[in-house]
Amino acid sequence: MKELFSVRPADRRDIPKLAGLFRDTVLRINIRDYTPAQVRAWSARGTEERWEELFGSGLLFFAAEDERRELVGFVSVSLSGHIHSLFVHADRQGCGIARLLLETAEEVARRGGACTCRSEVSVTARGFFEKQGYETVAGQEVVINGERLVNYVMRKRIWEAFAEF
C-alpha cells in the first residue's frame with residue numbers, strides 16, 4: 001500500500017524538527033557526494049538560530065508529513081521563485097516527497113507572479129531537479145564554514161506570460 005503524505009505551511013514552532021531533519025539528511029545522504037569534512041561544515045549551519053533567521057527573511061516554509069503527522073521533509077521558497085532549501089528525511093528518500101514539496105514550491109512561486117524557479121542545488125540533488133525539468137545554469141563553488149563545496153545553479157520556467165495564438 002502506498003503511503004500518503006500531506007504538505008502544510010510550516011511555522012517557527014517547527015524549527016527544532018526542521019533543523020534536526022536538515023542536519024541528519026546532510027550527514028546521512030549528502031555524504032554520498034561530499035567528504036566527511038564538507039558535510040560536517042554544511043550540517044553545522046543547521047542551527048535553530050539560523051532557521052530563525054531564515055523564517056524572518058521572507059521565505060515561505062512548507063512541511064511534508066506522513067500519515068502519523070511525522071515530519072518527513074520541507075521546502076522553503078520566495079514568492080519570486082527562489083527555492084532556498086528542499087530536504088527529505090534520510091529514511092524516506094525515493095517516496096515522492098521531494099516531488100510533492102517541489103510542486104508546492106513551484107505553485108507558490110507561480111501564484112506570487114514568478115515565471116521561473118531557481119535554486120542552488122547540491123551534487124546529490126542535481127539529478128532529481130533535472131528529472132523535474134530544471135536546467136543547469138552554472139556550476140559553482142561555495143565556502144561553508146571554511147570548506148569548499150560544489151553546487152549547481154538551476155532553473156525552470158514555470159509559467160508563460162502569454163501564449164501565442
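Okay, housekeeping. Since the model is predicted, local features need pLDDT of at least 70 and side-chain atom pairs count only at pLDDT 80 or more, while totals for chains, interfaces and linings use all residues. Residues are numbered from 1 along each chain as its sequence is written, and side-chain values use heavy atoms, with hydrogens and water left out.

Let's start with the pocket. A pocket here is an open set of points on a 1 Å grid over the protein atoms alone, where a 1.4 Å probe fits, with protein on both sides within 12 Å along at least five of seven lines; lining residues have an atom within 4 Å of a point. Points are joined across faces, edges and corners, and volume is the space filled by probe spheres set on them. The largest pocket comes out at about 1000 Å³. It is lined by 41 residues, and the closest to its centre are Trp42, Leu86, Phe87, Ser122 and Ala125.

Which elements give two or more residues to that lining? They are helix 1 (15-28), helix 3 (48-55), strand 4 (82-88), helix 4 (97-111), strand 5 (116-122), helix 5 (123-131), strand 6 (135-144) and strand 7 (147-157). By the way, helices (H or I, at least four residues) and strands (E, at least two) are DSSP runs, numbered from the N terminus. Strand 4 gives the most, with six residues. By class, the lining has 21 nonpolar, 15 polar and five charged residues. For the classes, Ala, Val, Leu, Ile, Met, Phe, Trp, Tyr, Cys and Pro are nonpolar, Asp, Glu, Lys and Arg are charged, and the others, Gly among them, are polar.

On to the helix pair. Helix 1 and helix 2 (residues 36-43) pack at an angle of about 170 degrees, their axes 9 Å apart. Axes are lines fitted to C-alpha atoms over the stretch in contact, and angles run from 0 to 180 degrees between N-to-C directions. So helix 1 is roughly antiparallel to helix 2, a label for angles over 145 degrees. Phe22, Arg23, Val26 and Leu27 of helix 1 meet Val39, Arg40, Trp42 and Ser43 of helix 2, where contact means heavy atoms within 4.5 Å. That contact has five nonpolar, one polar and two charged residues.

Now, buried means under 20% relative accessible area, exposed over 50%, and partly exposed in between, with a 1.4 Å probe and protein chains only. In helix 2 the buried residues are Gln38, Val39, Ala41, Trp42 and Ser43, and they pack against helix 1, strand 4, strand 5, strand 6 and strand 7.

Is Thr25 buried or exposed? Thr25, in helix 1, is buried, at 3% relative accessibility. Beyond its neighbours within four places in sequence, Thr25 touches Asn30, Phe87, Val88, His89, Ala90 and Gln93. Its C-alpha atom is 8.6 Å from that of Ser43, 18 residues apart along the chain.

Last, the loops. Arg69 has a positive phi of about 65 degrees although it is not a glycine; it is in the loop between strand 2 (60-65) and strand 3 (71-77) and is exposed, at 60%. Asn145, also not a glycine, has a positive phi of about 50 degrees. Asn145 sits in the loop between strand 6 and strand 7, exposed at 53%.

Definitions and conventions
Angles under 35 degrees count as roughly parallel, over 145 as roughly antiparallel, 65 to 115 as roughly perpendicular and the rest as oblique.
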